[in-house]
Amino acid sequence: FEHGMKPVFRAVPSHPGWDRVPGAVQFESHDKTSSSITFSHKFLGGTTDKVYFAFCYPYSFRDWQRRLESLSARFRAPGAKGEKHEAG
C-alpha cells in the first residue's frame, strides 16, 4: 500500500462489482511486524447493503479451478491422459 495500492470494496445489492476505494489511502509502518492503513469510505447505498472490503481483487477457489483446467487443456501434450485419439 505504500506504493499506491488501494483496497477494493463492493456493496451488495447496489454496487455488486469490486472497485478501488476512492480517495487517499495512508499507509504507516510501525515496526518490522506491524503496519496500518487508513482510508475513508462514504456509504451511498441503502441501509440494507452489505459492504465488503478486501486488500486486493478477490479470486475465488472456483475461479482458480477454472483457470487451471483451461491451462491444462491448452498445454496438454498429445496422447496425454485425458485426451482421446481416434484410431486411424
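**Aromatic rings, one by one**

Let's start with Phe43, which counts as exposed at 54% relative accessibility (exposed is over 50%, buried under 20%, and partly exposed in between, using a 1.4 Å probe and protein chains only). This is a predicted model, where local features need pLDDT of at least 70, side-chain atom pairs count only at pLDDT 80 or more, and totals for chains, interfaces and linings use all residues. Residues are numbered from 1 along each chain as its sequence is written, and side-chain values use heavy atoms, with hydrogens and water left out.

A search of the whole structure finds 3 aromatic pairs (ring centres of Phe, Tyr or the six-membered ring of Trp within 6.5 Å; planes under 30 degrees apart are stacked, over 60 edge-to-face, the rest tilted). Phe43 lies in the loop between strand S4 (35–39) and strand S5 (50–54), and Phe53 in strand S5, so the pair ties together parts that are 10 residues apart in sequence (strands are DSSP runs of E, at least two residues, and helices runs of H or I, at least four, numbered from the N terminus). Phe53 is partly exposed, at 38%. Together with Phe39, Phe43 and Phe53 form one aromatic cluster.

Now look at Tyr59 and Trp64: their ring centres are 4.9 Å apart and their planes at 80 degrees, so this pair is edge-to-face. Tyr59 is partly exposed at 44% relative accessibility, and Trp64 likewise counts as partly exposed, at 46%. You will find Trp64 in helix H1 (residues 61–75).
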